[in-house]
Amino acid sequence: MADPATQPAIVQLRGIAKRFGSFNAVERVDLDIPTNAFFALLGPSGCGKTTLLRMIAGFEQPTEGQILIDGQDMSRVPPNRRPVNMVFQSYAVFPHMTVEENVGYGLKVSGTPEAEIGPRVADALSMVRLDGFAARKPDQLSGGQRQRVALARALVKRPKVLLLDEPLSALDKKLREEMQLELVRLQHEVGITFIVVTHDQDEALSMADRIAVMSKGRIMQLAAPRELYEQPNCRFVAGFIGAMNLFDVEVRGVADGRARVHNPALGTFDVPFTGTAPATATLAVRPEKIRLALAEPSGVLVSIAGTIEQLAYFGNVSHVYVRTADGQRMSCTRHNATRAADADLAPGLGCWLAFDPVDSILLVD
């Protein structure tokens, strides 16, 4: 499959803004969403992501700007005539109808010939792996199966874009992880653009080809998952995508792809950086890039002493929270490669945290 980032845009937003009274829900967003992409709108509650999705669907009208879908202006096109379909957070399946009736309902009300409805419903149920469930009622299904019914009902109308509003939030953790893989499989199989709204960073990182991180109605960064995680462009994105240790630093010079930075607790050292940096900036280090030791490390690592404050055991990893001598709370991740990997650690124990400067990120926003 071709890289979605290189494909022409199926959805184009031009200067889209939405105000509710004096509240600016969306602030002049410009965005191209590629054909055949699995695209995520990610951000905290109230950031404008669901409002943006509802404007694409036609359930909300923009205060300003233009929405194009497959090159056509949607400003005067009602929701039921747009080449999109939406899967809601609640699934909204009809409890009195069978699975087959639920999936075929949209085709029936739109006047699709009866002879065509049956085969299309069967194809849609096969896509979501619900063959043999056609005669069941929703109360005879699990949460994951009801979600598949909602997906089949949306896909049976053959939209050019499928919109998903927090589609997995009602599922338990294990089922949610299984459905993430199922949605990726389904998107690859049907070959249309999926646009998902979520506040769950892991969900977006595991499913999407491209992610737009939103805050206060604006897109803060648009990138592939790996770039967002490894190269966040601002302090908000760095803190929102996964866990991050942040340090205020003084920038003492930039040359040859590196910046010399200083922090009273960490010392002076060089970090990767290109561009122009202000006199002060933020240094970011992921917890998994930090090593924990009970003796002071040597070599080129940047190190800081502290005391273990808390341990959180997650089976394959342990998160260790350390209070440094200058009062900062830091975290690091230890992989439990053996059954007693973190047995030597306990709250109150003195330790050292260290990282390689090349694994840090200098944020200048």
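Helix H4 is largely enclosed by the rest of the structure, because 10 of its 13 residues are buried. The model described here is predicted. Its protein chain has eight helices and 20 strands, and 46% of the 365 residues are buried.

**Helix H4**

- H4 covers residues 143-155 and reaches 19 Å from its first C-alpha to its last, close to the 18 Å expected at 1.5 Å a residue.
- The buried residues of H4 are Gly 144, Gln 147, Arg 148, Val 149, Ala 150, Leu 151, Ala 152, Arg 153, Ala 154 and Leu 155.
- The cover over these buried residues includes three helices, namely H2 (99-109), H3 (114-127) and H5 (173-190).
- Strands S6 (84-87) and S7 (161-165) are also among the elements that cover the buried residues of H4.

**Nonpolar cores**

- In soluble globular proteins, nonpolar side chains tend to be buried together.
- The largest nonpolar core in this model has 45 residues, and Val 103 and Leu 162 touch the most other members.
- H4 gives the most to this core, with six residues.
- A second, separate core has 27 residues, including Leu 41, Met 74, Val 84 and Ile 195.
- Leaving aside residues up to four places away in sequence, Leu 162 touches Leu 151, Ala 154 and Leu 155, among others.
- Further contacts of Leu 162 include Asn 85, Val 87, Ile 192, Thr 193, Phe 194 and Ile 195.

**Aromatic rings and charges**

- The count of aromatic pairs comes to six.
- One of the pairs joins Phe 38 and Phe 194; this pair is tilted, with 5.4 Å centre to centre and 55 degrees between the planes.
- Phe 38 lies in strand S3 (residues 38-42) and Phe 194 in strand S8 (residues 193-198), so the pair ties together parts that are 156 residues apart in sequence.
- Both partners are buried: Phe 38 has a relative accessibility of 1%, and Phe 194 has a relative accessible area of 0%.
- Phe 194 is also one of the residues that Leu 162 touches.
- Elsewhere, Phe 247, Phe 269 and Phe 355 form one aromatic cluster.
- Arg 286 lies over the face of Tyr 229, at 3.9 Å from the ring centre.

**Phe 20**

- Phe 20 is found in strand S1, which covers residues 9-20.
- Not counting residues up to four places away in sequence, Phe 20 touches Ala 25, Thr 51 and Glu 60.
- The C-alpha atoms of Phe 20 and Thr 112 are separated by 38 Å, and the two residues are 92 residues apart along the chain.

**The chain as a whole**

- Taken along the principal axes, the C-alpha atoms of the protein chain fill a box of roughly 75 × 50 × 40 Å.
- The accessible surface of the protein chain comes to about 17400 Å², and carbon and sulfur atoms account for 49% of that surface.
- Among contacts between residues at least 6 apart in sequence, 66% join residues at least 24 apart.

Definitions and conventions
Residues are numbered from 1 along each chain as its sequence is written. This is a predicted model: local features need pLDDT of at least 70, side-chain atom pairs count only at pLDDT 80 or more; totals for chains, interfaces and linings use all residues. Side-chain values use heavy atoms; hydrogens and water are left out. Helices (H or I, at least four residues) and strands (E, at least two) are DSSP runs, numbered from the N terminus. Contact means heavy atoms within 4.5 Å. The expected span of a helix is 1.5 Å times one less than its number of residues. Buried means under 20% relative accessible area, exposed over 50%, partly exposed in between (1.4 Å probe, protein chains only). Rings of Phe, Tyr and Trp (its six-membered ring) pair if their centres lie within 6.5 Å; planes under 30 degrees apart count as stacked, over 60 as edge-to-face and the rest as tilted. A charge sits over a ring if NZ of Lys or CZ of Arg is within 6 Å of the ring centre and within 35 degrees of the ring normal. Accessible areas come from the Shrake-Rupley method with a 1.4 Å probe; for residues, only the protein chains shown count as cover. A nonpolar core is a set of buried Ala, Val, Leu, Ile, Met, Phe, Trp, Tyr and Cys residues joined through side-chain atoms within 4.5 Å.
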